[in-house]
Amino acid sequence: MPELPEVEAVRRRIEPFALGRTIVAAHVLRQRIARNGSVGQIEQFVTGRSITCVSRRAKNLLLHFDNAALRIHLRMTGDLLPCPNVRFFPIATRLILEFDKHEGILFTDPRALGRVELLDATGLEALDRSLGTEPLSPQFTPALLTSAARRSRLPAKLFLMNQAAIAGIGNIYAAEILFAARIDPARRMNSLSFACLERLHGAIQEILQAATRIAEVTYAAPGHFDEAAGFQLHVYGRVGERCLRCNRRIRRITQGARSTYHCPGCQH
Ligand SMILES: [Zn+2]
């Protein structure tokens, strides 16, 4: 599943193409991608409106129209692509937003698990409130992480994946962040020292920034949606292999019904 870096890479790809463009026609090709409302509502609402901002909140992409937005959640296999001629679209296309000169944006999604939803100002506020701090924003400081950690008894891995604390981190990058910070994923957040939390804060930003830069390159081709493709994984998916830092074998445990990969030699 795409995490913050992949969704941010898609946002950066779409923004220069879509910003300021007016949608002249919208076609929802698969009914079930429309959430909380009808296909007709979405098509009618966006037609004739201009895209004033392309933003991301956690793993959500938002196309803004003045005081409303189209929220797009890519889920497993969704992708947004600039398209020079929307009369020729790939088979997995679920939504076409057409600009002038037949240019436009395609939402492709082979498994059709992604969701598209209209949000008014109230809906946007509710989405924002339901999600924690953006880890790449200036608001995410070591002090903020420390105060959140002090109040949490969650194991470090589950804390990182809790979207109400820090937004946008999923299973892969949570494991890699904890490896980079040398923290045992089972350690409770309120037991981490300030030095540990400073290391964690640095690792969160470094890993997410590096992964975003890589995703911008690896996600360039349509339909290629392997998460963390091109990213040097140190623990994720490497059970039984040697740790690149201390040579111990990488272990897998289960936390919150998901696999966690870690090194018992250098994560404490
Ligand atoms: Zn190790």
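1. Contact between the domains. In this predicted model, 16 residues of domain 1 are in contact with 16 residues of domain 2. The domain assignment places domain 1 at 4-130 and domain 2 at 142-262. Their C-alpha centres are 29 Å apart.

2. The domain 1 side. H1 and strand S5 (79-83) each supply at least two residues of the side of domain 1 that touches domain 2. H1 gives the largest share, 7 residues. By class, this side of domain 1 has 7 nonpolar, 3 polar and 6 charged residues.

3. The core. The largest nonpolar core has 68 residues. Those with the most contacts inside it are Val116, Leu160, Tyr173, Ala174, Ala175, Ile177 and Leu178. H6 provides the largest share of this core, with 8 residues. Domain 1 and domain 2 both give residues to the core, so it lies between them. In soluble globular proteins, nonpolar side chains tend to be buried together.

4. Leu160. Neighbours within four places in sequence aside, Leu160 is in contact with Ile166, Ile169, Ala174 and Ile177.

5. Geometry of H7. Helix H7 covers residues 194-218. At 1.5 Å a residue, its 25 residues should span 36 Å, and the end C-alpha atoms are 36 Å apart, so the two values agree.

6. Burial of H7. Leu197, Leu200, His201, Ile204, Ile207, Leu208, Ala211, Thr212 and Ala215 are buried in H7. What covers the buried residues of H7 includes helix H1 (4-18), helix H4 (142-150) and helix H6 (171-180).

Note on methods: Residues numbered from 1 in each chain as written. Predicted model: local features only at pLDDT ≥ 70, side-chain atom pairs only at ≥ 80, totals over all residues. Helix = DSSP H or I, 4+ residues; strand = E, 2+ residues; numbered from the N terminus. Expected span 1.5 Å × (residues − 1). Buried ≥ 20, exposed ≤ 12 C-beta atoms within 10 Å, placed from the backbone. Contact = placed C-beta atoms within 7 Å. Core = buried A, V, L, I, M, F, W, Y, C linked by C-beta atoms within 7 Å. Domains from an automatic or database assignment. Nonpolar A, V, L, I, M, F, W, Y, C, P; charged D, E, K, R; others polar.
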